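Please examine the model below before reading on.

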Amino acid sequence: MANYIGAIDQGTTSSRFIVFDRSGRVVAVSQKEHEQIYPRPGWVEHNAEEIWQRTREVIANAMTQGGIQPADLAAIGITNQRETTVVWNRKTGKPVGNALVWQDTRVAEYVSELAKAGGQDRFRTQTGLPLTTYFSGLKIRWILEHVKGARKLAEAGDVLFGNIDSFLVWNLTGGPEGGVHITDVTNASRTQLMNLTTLSWDDQILATLGIPRAMLPEIRSSSESYGLAREAAVRDVPIAGILGDQQAALVGQTCFEPGEAKNTYGTGCFLLMNTGTRKVDSKSGLLTTMAYKFGNGPAHYALEGSIAITGALVQWVRDNLGLIQSSSDIEKLARTVDDNGGVYFVPAFSGLYAPYWKDSARGVITGLTRYANKGHIARAVLEATAFQTRDVLEAMEKDSGIQLDVLRTDGGMVSDDLLMQFQADILNRPVVRPVTKDATTALGAAYAAGMAVGYFQDLNDLRANWAVDQTWKPNMAQGKREELYSLWKRAVTRSFDWAA
């Protein structure tokens, strides 16, 4: 009997392969970064072939490192950066160009054009999503209109579309030699092409955007056997789970009951609340999205608040300003001062996401005086993440009618104790970090795959694995909390309509 379960965690900046045991403990892990490509301001691309190659390498490395044979794995789950759009040739496996990353804003003109004819919410009833540069659908349209011959090939079904999950599954299961072209409901819900009620592609939206159905993957559940891996290091292991990265973190945090929520602190920040089998339409600028669908079970929905730039702001301070040597240095620098010195940093590098949805916003630093130094800037960088999380949390509570008692956190930034304490302070509620804090997304994918093949019996098996590492309780006077947040809101307004 197989002792382990594997997960591919393909993120915005790197790819990982993690092997877990039945208790959710990491047995082996390998990780490699890939290039971030910025051809023009606002354009963000990845080389999908590089991502596939890095994925192959980390699978092989982790299997070797752990002394693990394919027969030792019960199944493999996949979690991926969502909305990042790949179009590739069915016969050769070659992408027609670089992948357009979720942060990419080149389709802003399409957003304006479509909004004129029906408003920013013209597709929200069907898809739960506003018109914005974020989602895959308009990125597909851009590729079809700007890559020579792509539309004709798409109409013939000779070029295929997928978010990164589809591209990886297709390659893992054979590529041009019979690769399976599928996606799961969570990734499909991020294209702005899937109807949230029917869980199928919406023909009316496809016609409006000019996207041929022939190029789209088949929509499947998040937990079922899709096919067997053909890659040598994991040959014949079932690929049995797919979840977009934020939904995977929700599952990894075992948020299976309506009202349970988690916030993942990565390149961006993503707060998801499980709303159960009830689809909650947002009136406060949030996204209505799929949470998961396990096998033949009912679809579960979520409210999501997406923040574009959080961990990426720390990377920017490191790479563009050179204030720190590594991302982990930001906390040490921020601790050289007692507060933000009146400095606020609104990181609207690619517009603002929830709850504002301002594509024309741009980043601003406000409150600068001669007193301000690099420590204050570092502190403002961390506080920006916490302030943006409060923006989203308040909108989520308003939409759902549920007040969160505690916020579960995960992702790379949660190792920053200063940030976690400030988060608790500005929210005025406890913040909890689980034992599995930086592999929660991969763990969710592993859970989905394990459920499909009987490695895990039921949700109680998964809940038994979840454990608290640390809890931060609020320790700030109410007057101070509201003063800081009020100044943040003023700073946010300064970023509006900068690129208009």
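Is strand 5 (residues 73-80) largely enclosed by the rest of the structure or exposed, and why? Because 8 of its 8 residues are buried, strand 5 is largely enclosed by the rest of the structure; buried means under 20% relative accessible area with a 1.4 Å probe, protein chains only. Strands are DSSP E runs of at least two residues and helices are H or I runs of at least four, numbered from the N terminus.

The model is predicted, so local features need pLDDT of at least 70 and side-chain atom pairs count only at pLDDT 80 or more, while totals for chains, interfaces and linings use all residues. Residues are numbered from 1 along each chain as its sequence is written, and side-chain values use heavy atoms, without hydrogens or water.

Strand 1 (residues 4-10) runs parallel to strand 5, joined by 6 bridges; pairing requires at least two DSSP bridges. Strand 14 (residues 238-244) is also parallel to strand 5, through 5 bridges. Asn80 is the bridge partner of Gln10 and stands opposite Gly244 in strand 14.

There are 3 cavities of 30 Å³ or more. A cavity is a set of points on a 1 Å grid over the protein atoms alone where a 1.4 Å probe fits but cannot get out; lining residues have an atom within 4 Å of a point.

| Cavity | Volume | Elements supplying at least two lining residues each |
|---|---|---|
| Largest | about 90 Å³ | strand 18 (300-307), helix 12 (374-400), helix 16 (478-494) |

Of the 16 residues lining the largest cavity, Ile307, Leu352, Tyr353, Ala354 and Gln388 lie nearest its centre. The second largest cavity is lined by Arg379, Leu382, Glu383, Leu418, Leu419 and Phe422.

How values were computed:
Buried < 20%, exposed > 50% of the residue type's maximum accessible area, 1.4 Å probe, protein only. 1 Å grid on protein atoms, 1.4 Å probe; cavity = no way out; pocket = protein on both sides within 12 Å on 5 of 7 lines; lining within 4 Å. Points joined across faces, edges and corners; volume = space filled by probe spheres on them.
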